[in-house]
Amino acid sequence: MSTDGTANDAEFMIDLAESMLSARALQMVAELGLADLFGSVPGGTLPLEKLAVLTSTDPVVLGMVLRLLCAQGIFTEPNADEFALTPRGQVLRSGHRFSARAMVRHHGFNYHLVDRLDLALRTGQPVFTEVHGRPMFELLQANEERGQVFDDAMGDLSRLETDAVLANYDFTPYQRIVDVGGGNGTLLASVITKHPVATGVIFDLPRLAPAAEQVLAQSPAGGRLAFVAGDFFESTPPEGDLLVLKSIVHDWPDAQVVQILRACRRALRPGGKIVLFERLLTGDPGPSRTKNWDLLLFLILGGRERTDSDFRRLLAAADLELHTTIAMHDTLFALEAVAAGTSDR
């Protein structure tokens, strides 16, 4: 019998296996919009029965869910069957500056993919189409509600990371900035607002136009921003001094990444740069969101997170070379690329 491992290690394994319950409970609370119900409540508490009525749920099961999340510091139960939202839980509200509600809802949709990890392990292939009957972006186009959740999730993520990008990346040298796959324009609107001599173009699928136009209309820099509809697999993005791709290439397998980068290379003005805002696999053995997404992105589209050497190889295949890597925060990096043979280093 092996002498390695202890009873505590066994408890750890069981706790880790059971963590799926807390994750799924969180996703359901976000889907129900439960945190929003506390927004206008004097004293911030609501009885379980009222919460169940407002969300059309069973009060006994809802109580189990809320108590599970009390243990995670998201709710409290100051009195029996009476619940309140904690400061941590506030970010589940739709209107919060750092709202994570849409991203948590989106992960609820991804939960079904994780359930088919067995299929990916056997086949080495993504499972989204097997689970949902069509590729992800086709489904988002066809299902307006699901597409809106995805777009909102990407917007939430962009807002969470925008401050770090603005603080750590220098956009001042560039006159015309093109955000390739820029979604609703949250990031680019913030960049152009901060840099009054620059103009910006959001390049994304036509279904993103209404959301982007709304962001642009509300932006102080709206007059220097435009949305151009297109697909980077079918057309070349608008030309620019700087082409931004934030959390784009990690969605795709290598062949598609090279295709995207080549399209951006064609749009690059002489002396310009392409900057990829991506997570890097660094070899750190500890837990990280980068490792979570490495697996999740593969299950969805066959994409993955990558190492520095991976990016160098893919850039070279698109007649580009890595110029500089700059840390934005613990997990997000800016990888600057230039046309091959033009680097000054």
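This is a predicted model: local features need pLDDT of at least 70, side-chain atom pairs count only at pLDDT 80 or more; totals for chains, interfaces and linings use all residues.
**Entry: the whole protein**

I looked up the secondary structure, which comes to 13 helices and 10 strands; helices (H or I, at least four residues) and strands (E, at least two) are DSSP runs, numbered from the N terminus. The radius of gyration of the protein is 22 Å, close to the 20 Å that the globule rule gives for 345 residues, so the protein is as compact as a globular protein of that length. For my own reference, this radius is taken over C-alpha atoms, and the rule is 2.2 Å times the number of residues to the power 0.38. Along its principal axes the C-alpha trace spans about 65 × 60 × 40 Å.

I then checked burial, where buried means under 20% relative accessible area, exposed over 50%, and partly exposed in between (1.4 Å probe, protein chains only). Buried residues make up 46% of the 345 residues.

The domain assignment, which is automatic or from a database, gives domain 1 (5-96) and domain 2 (123-339). The centres of these domains, taken over C-alpha atoms, are separated by 33 Å.

**Entry: the sheet**

In what order do the strands of the open sheet lie? I read the order of its seven strands as 6-5-4-7-8-10-9, with mixed pairing, where two strands pair if DSSP finds at least two bridges between them. Strand 6 (225-229) and strand 9 (320-327) stand at the edges with a single partner strand each, so one side of each has no neighbour in the sheet. From one strand to the next, the twist averages 20°; the axes behind such angles are lines fitted to C-alpha atoms, for helices over the stretch in contact, and angles run from 0 to 180 degrees between N-to-C directions.

Helix 8 (residues 144-168) packs on the sheet, where it touches strand 7 (240-246), strand 8 (268-279), strand 9 and strand 10 (332-339), and its direction makes about 125° with that of strand 8. Helix 10 (residues 209-218) lies across strand 5 and strand 6, running at about 175° to strand 6.

I followed two pairings. Strand 4 (residues 176-180) and strand 5 (residues 199-204) run parallel and are joined by five bridges, and I found I202 of strand 5 to be the bridge partner of D179. Strand 9 and strand 10 pair in the antiparallel sense over seven bridges, a hairpin joins them through four residues, and the bridge partner of L322 in strand 10 is A337.

**Entry: two residues**

N110 lies in helix 4 (residues 101-114) and, at 3% relative accessibility, counts as buried. Beyond its neighbours within four places in sequence, N110 is in contact with L296 and I300.

Terms used: Residues are numbered from 1 along each chain as its sequence is written. Side-chain values use heavy atoms; hydrogens and water are left out. Contact means heavy atoms within 4.5 Å.
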